[in-house]
Amino acid sequence: MEKAELIRDIVPVEKWVTDPFYVGPSADYIRPYVREFIEEFNNATYVNEMGLTVPKRKFIATGASRTGKSYGARKLIQRILYEMSCWKNFPCLFGLDPNTTPKIFWLSYTLKKSQSTGLKQLIKEIDKVPYWQLPGLKRKDVETELIFPFCEILPGSQVEHIVGEDMLGCVLDEANVRKVAQGTEVEETQKMFQEMRQRSVMTFSKNGIWGGFSGIISSSTTSSSFVAIELEKAKKDADTVIMEASVYEANPEQYSKETFPVFIGNGTIAPFIIDQADSGIKTQIADTYGQTLDMFIDDNPDLIENVPVSIRKFYEEDLSFSLANMSGKVQTGTNKFINNMSIIKALWNDEKSPLLNELPEIGIYDQNSPFLIWNPDRAMEHYHGENVYLHVDASQKHDHTGFSALFYDREDNKIRSLLTASFFLNTEINDNQIDQEKILQLILYMRDNGVQFRKITGDHYAKDFLIPQCKKIFGNDYSDYYSVDVNPAAYLTVLNFMKLKRYSIPYYKQLDYELSNLLYDRAIGKVDHPHNSDSNHPIYFKDCSDAFAGATEQIYLYEHVHYETMLIEKETERMDIPDDGFYSSIDYGSSDEEIEDEIAMFQNDLYGLDESYAPFEG
């Protein structure tokens, strides 16, 4: 029986990474922090679940643009290849047939991108290395794959490219821009990354120790929910080596030694330049934490970034983008859809909720009638027969069902709620699921109590029963399919109305919770809840907020409650519109088409200057 045999001594990584014989002409140009990353990955260990001290075999390379993340990953792969080449019958280390060919995959969002940023660059670098020109080590002369006698490195862009392969390791490059079915981006990428790692663990492990590896490369400027989740897990766990650098850490000689401090955001307080903190920031810190600015800064040293003054102008021009692009910092605060919690507090009035049960159970086996869910006397105190817009974000089993019926009260210029709620079911009952007939009964109960529905909309779960039934009862023009997930502008509408303090609704804990936790994925332009580690037992939802956003968008579209209308109605002093703003320059003698163009330009400028939300791409 053949065995693995060490045929040449393995050079320590500290010598290898600086020796032109092993890394080629680039030995003189590898940045110090890239060398440290390669050395740490080669030497770092942690104590696993079994109490064994094992090597770290996962890495994440993220941070600022142009800091050598892909370059560092390619050098790391070259080190792994080098160590493999020092063994005869390397697969036998893991009890495999010596004829097994280990595969390493470099995956990107397209096969072409995988070849250009991964394989072609790796081939170009290896061809300049003297070590790889030795007899028995030269690669096969092809341009789309890197094939050695002992290992192959292949490009790919999806799970299908690795099926059936003896995969030693994988690098998921530009994980932030994977394009898959809308609404499933995070889940699909996580599934692919998990399958890649599992294939490697199942093939290249011995005595509970994994001999393969996996890595993620992603720029902070386009980090997606997937990358943010993996990075958060990596910082909590001990099994991952992280390379996260700013441009001034990567190339310190290019920037001034004098610095200025920036608070990078914490999910509640948005990023700000500390010596420019205005009264609004100080008030928010005082209201939220009961601290002065100095006390808050002293208590959060890990959230302070010292930036060279030579690039200060970029941070003053666009702080969030510069923190991501130049500092490589994307904290929870910049992924939050709503950074200013005070605008959520401004939603609520002091009225009693018309909801008789905070989370009603409306499963097919649950006993819950409409009059046990909704109190019409409370709900209709301020209702005078206005058009009501209802959106239902339906579900079946594991998610809540969101329900929001809103109307525009022109007397006080407020958007009010007749009922905004989350419905669920008794999960202890076998095969229980959301009963849309109970939702229909509630809608009819509201109608019979005088509610004038102008539009009833629902998402894809509602289009097979609820929406057709509403079309049948209320008329085709009064009900339609609408998805907040594929119309993310609905949340932008909500955010603008919130900033204008346009809502006046009874407090509802579930809506407060969902709005406070919404995240914005800049890579794919999507508002979503934080990731649930167990989809069968979720703790994060956005069903109620989706229903709220869907109903709000219908009011915006059908009631002509536009932002410019509300601004002009006794709001100009509070909004502090500058002299060169839209309302001081618009020519009301212009044509309707010209006015619409000017309004659109004004709105775009208004949104672009608004720092309490992350603008949608496009």
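Tutor: Asn413 sits in the loop between strand E19 (401-409) and strand E20 (414-423). Strands here are DSSP runs of E with at least two residues, helices are runs of H or I with at least four, and both are numbered from the N terminus. The model is predicted, so local features need pLDDT of at least 70 and side-chain atom pairs count only at pLDDT 80 or more, while totals for chains, interfaces and linings use all residues. Residues are numbered from 1 along each chain as its sequence is written, and side-chain values use heavy atoms, with hydrogens and water left out.

Start with the backbone. Asn413 is not a glycine, yet its phi is positive, about 60 degrees. Asn413 counts as buried because its relative accessibility is 10%. Buried means under 20% relative accessible area, exposed over 50%, and partly exposed in between (1.4 Å probe, protein chains only).

Now the charges. Asp412 and Arg416 meet through their side chains in a salt bridge, 2.5 Å from N to O. The term means a side-chain nitrogen of Lys or Arg within 4 Å of a carboxyl oxygen of Asp or Glu. Asp412 is partly exposed, at 32% relative accessible area. Arg416 is buried, at 8%. A network of salt bridges links Glu351, Asp409, Asp412 and Arg416.

At 16% relative accessibility, Asn89 counts as buried.

Next, salt bridges elsewhere. The structure holds 17 of them. One joins the side chains of Asp239 and Lys58, at 3.4 Å from N to O. Asp239 lies in the loop between helix H7 (225-236) and strand E13 (240-245), and Lys58 lies in strand E4 (residues 58-63), so this pair ties together parts 181 residues apart in sequence. Both Asp239 and Lys58 are buried. Another bridge pairs Arg139 with Asp127, at 2.8 Å from N to O. Arg139 is buried, at 14% relative accessibility. Asp127 is partly exposed, at 39%.

Then the nonpolar interior. A nonpolar core is a set of buried Ala, Val, Leu, Ile, Met, Phe, Trp, Tyr and Cys residues joined through side-chain atoms within 4.5 Å. The largest has 67 residues, and those with the most contacts inside it include Phe403, Leu418 and Met446. A second, separate core of 50 residues includes Ala27, Tyr131, Cys151 and Val241. Contact means heavy atoms within 4.5 Å. Beyond its neighbours within four places in sequence, Met446 is in contact with Trp374, Phe403, Ala405, Leu418, Leu419, Val451 and Phe453.

Gln554 lies in helix H20 (residues 543-558). Its relative accessible area is 4%, so Gln554 is buried. Leaving aside neighbours within four places in sequence, Gln554 is in contact with Tyr389, Lys455, Thr457, Tyr482 and Glu559.

Last, the whole chain. The protein chain has 24 helices and 25 strands. Of its 618 residues, 54% count as buried. Among contacts with a separation of 6 or more, 72% come from residues 24 or more positions apart.
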